[in-house]
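The sequence and the structure come first, and the explanation follows them.

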Amino acid sequence: MESFHATHQPIRVFALGVPEGWQAAVYDLANHKWLDVGGWIHGTVDEAKIDARQKAEAFLGKPIPHLDWK
């Protein structure tokens, strides 16, 4: 399984490679809990990264200027 992640305090976003495609997930670092995991399978890693970013922005209530994916 391949995965990518990026951190923007207080959250970490993930693009997770699964056999069916790619999933997006968001983790709250301050409260140590998952905010949104899986559900939707994306065809490409870029689609999953965009979805993860949108979920994170919705949680924070503001745009994220830059995510450095690793």
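In this predicted model, counting the rings whose centres lie within 6.5 Å of each other gives three aromatic pairs. One of these is formed by Phe-4 and Trp-22, a tilted pair whose centres are 6.0 Å apart and whose planes make an angle of 35°. Because Phe-4 belongs to strand β1 (residues 3-8) and Trp-22 to strand β3 (residues 21-28), this pair ties together parts of the chain that are 18 residues apart in sequence.

How far is each of these two residues buried or exposed? Phe-4, with a relative accessibility of 21%, counts as partly exposed, since the term buried is kept for values under 20%. Trp-22, with a relative accessible area of 15%, is buried.

Another pair is that of Tyr-27 and Trp-34, which is edge-to-face, with 5.0 Å from centre to centre and 70° between the planes. Trp-34 is partly exposed, at a relative accessibility of 46%. Tyr-27 and Trp-34 also belong, together with Phe-14, to one aromatic cluster.

Returning to Phe-4, we find a charged neighbour as well, for Lys-49 lies over the face of the Phe-4 ring, at 4.5 Å from the ring centre.

As for the confidence of the prediction, the mean pLDDT of the chain is 93, and 99% of its residues reach 70 or more. Among the elements of the chain, β1 has the highest mean pLDDT, at 96, whereas strand β4 (residues 33-37) has the lowest, at 89.

Notes
Residues are numbered from 1 along each chain as its sequence is written. This is a predicted model: local features need pLDDT of at least 70, side-chain atom pairs count only at pLDDT 80 or more; totals for chains, interfaces and linings use all residues. Side-chain values use heavy atoms; hydrogens and water are left out. Rings of Phe, Tyr and Trp (its six-membered ring) pair if their centres lie within 6.5 Å; planes under 30 degrees apart count as stacked, over 60 as edge-to-face and the rest as tilted. Helices (H or I, at least four residues) and strands (E, at least two) are DSSP runs, numbered from the N terminus. Buried means under 20% relative accessible area, exposed over 50%, partly exposed in between (1.4 Å probe, protein chains only). A charge sits over a ring if NZ of Lys or CZ of Arg is within 6 Å of the ring centre and within 35 degrees of the ring normal. pLDDT is the predictor's confidence in each residue, from 0 to 100.
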